[in-house]
Amino acid sequence: MTAAAARPAPAAVLSADDARRIALRAQGLLGAPDRRGGVRGVLRHLGAVQLDTISVLARSHELVPYARLGAVGRPAVEAAYWGGGTSFEYWSHAACLLPVEEWPLFAFRRRRYRDRGHLWGHQVPPETYRAVLDKLRAEGPLTSTELGGAKKTAEWWDWSDTKIAVERALAFGDVVCTERRSWKRVYALAEQAIPDALLGQERSDGECVRTLVAQAGAALGVATRADLLDYHRLRAEQLDPVLADCGLVPVEVAGWGPDGAPAPAWADPAALATAPRGRHRTTLLSPFDSLVWDRARTERIFGMTHRLEAYTPKHKRVHGYFAMPLLTGGRLVGRVDPAREGRTLVARQVSLDGPGRGARHVEALATALREAADWVGCDGVRVGTLHDERLRPTLEKLLADR
């Protein structure tokens with residue numbers, strides 16, 4: 001019998017509103033922000049910050065601490081992530097930045113890649129693999145270009161043998177990325193970049209997964225089994241054996257099941273110890289933010305069906321290329337598709353959702369747009385398509401009253 005099937009009785013029954021507030025507090029979006037830990041503190045608490053090549057307002061990994069801490073300087077964000085060997089890149093929810101302390105916890109995934117023996121179907125000659133490691137050992141950290149070239153042709157997918165070899169070494173754990181230059185990964189031997197105390201730790205697969213599940217539970221606050229699987233993209237056969245003894249407690253959440261029925265979930269005991277209270281952030285969220293990166297969870301908690309439309313043909317987009325959910329008062333109340341033209345932040349497409357989407361949400365929208373503009377060095381905001389043109393005079397007046 002699996003841990004999921006042998007689930008004990010729930011320790012508490014939570015309302016949907018309680019669960020929503022617990023999730024917001026766990027994600028650092030309810031209550032006073034912990035500025036003492038700064039960007040590194042956000043990364044350590046969340047456990048993973050997703051990376052993506054798209055840069056509109058800013059890159060997604062910059063938007064995550066901004067949403068929680070406010071207008072922390074963008075150079076400071078980059079320095080916190082890439083400076084001093086405090087983080088590394090690896091496959092978690094997707095390609096993510098991870099606190100360097102989590103290096104031993106992903107041994108289970110590195111072993112799985114190594115046992116499989118190839119990377120996404122790519123094969124590479126053993127001598128090429130050895131040559132990449134030898135070059136890094138002799139010359140220190142290098143980009144794939146410096147190693148000999150990333151691509152055979154101009155096509156983005158047509159990797160060279162060198163690029164395949166170094167990415168395979170990254171997956172296996174022989175190589176690590178703790179730095180980027182001009183958005184290019186800089187590869188180093190793990191023995192040169194990971195502290196000895198972490199590099200030498202030996203964790204079983206069960207220990208790795210158990211700790212990651214507990215960490216995901218703390219970052220989510222309250223979560224279904226599917227939510228826990230999704231956070232670090234675990235498999236059921238990895239999760240189920242550790243779920244009962246990972247430190248999370250079983251609860252039920254009203255309204256999370258089919259037709260509004262209660263649903264079984266798991267909660268961080270610390271999240272249940274005190275009522276989630278405090279100031280709510282008003283901010284724009286990256287579509288890759290861990291509060292909303294799981295579409296099913298976002299719909300269940302916030303009632304918003306949201307998807308990234310960057311890879312949707314333009315004529316089929318509903319909310320825009322990089323529509324960012326608007327968070328205010330602990331709810332998702334709309335979307336903004338941003339762009340930058342010189343020193344002007346352009347809200348190319350704006351929509352507000354749900355009840356009370358008039359003046360109250362317009363004020364929150366104006367606040368979020370002004371703060372985002374200031375953060376990225378823009379001195380003006382222009383609104384393009386607005387879902388309800390009756391709101392334009394109020395919105396533009398609020399934007400002008402800086």
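In what order do the 5 strands of the open sheet lie? The order is β10-β11-β12-β13-β14, and the pairing is mixed. Strands here are DSSP runs of E with at least two residues, helices are runs of H or I with at least four, and both are numbered from the N terminus. Two strands count as paired if DSSP finds at least two bridges between them.

Before I continue, a note on the source. This is a predicted model, in which local features need pLDDT of at least 70 and side-chain atom pairs count only at pLDDT 80 or more, while totals for chains, interfaces and linings use all residues. Residues are numbered from 1 along each chain as its sequence is written, and side-chain values use heavy atoms, with hydrogens and water left out.

To return to the sheet, β10 (283–284) and β14 (380–386) are its edge strands, each pairing on one side only. Within it, β12 (residues 331–341) and β13 (residues 344–352) run antiparallel and are joined by 8 bridges. Asp337 stands opposite Gln349 of β13.

Next, strand β9 (residues 263–267). Of its 5 residues, 4 are buried, where buried means under 20% relative accessible area, exposed over 50% and partly exposed in between, with a 1.4 Å probe and protein chains only. β9 pairs in the antiparallel sense with β8 (residues 249–253) over 5 bridges, and Val251 has Ala265 as its bridge partner in β9. Strand β7 (residues 222–223) also pairs with β9 in the antiparallel sense, over 2 bridges; there Val222 stands opposite Ala267.

I turn now to a single residue, His306. His306 is found in the loop between α15 (295–302) and β11 (324–328). His306 counts as buried because its relative accessible area is 7%. The side chains of His306 and Arg335 are joined by a polar contact of 3.2 Å; such a contact is a pair of N or O atoms within 3.5 Å, where, within protein, one must be able to donate a hydrogen and the other to accept it, and residues adjacent in sequence count only if both atoms are side-chain atoms. A polar atom of the His306 side chain also lies 3.2 Å from the backbone oxygen of Ala323. Leaving aside neighbours within four places in sequence, His306 is in contact (heavy atoms within 4.5 Å) with Pro287, Arg295, Ala323, Pro325 and Arg335.

Finally, helix α12 (residues 225–231) gives the most to the lining of the largest cavity, with 3 residues.
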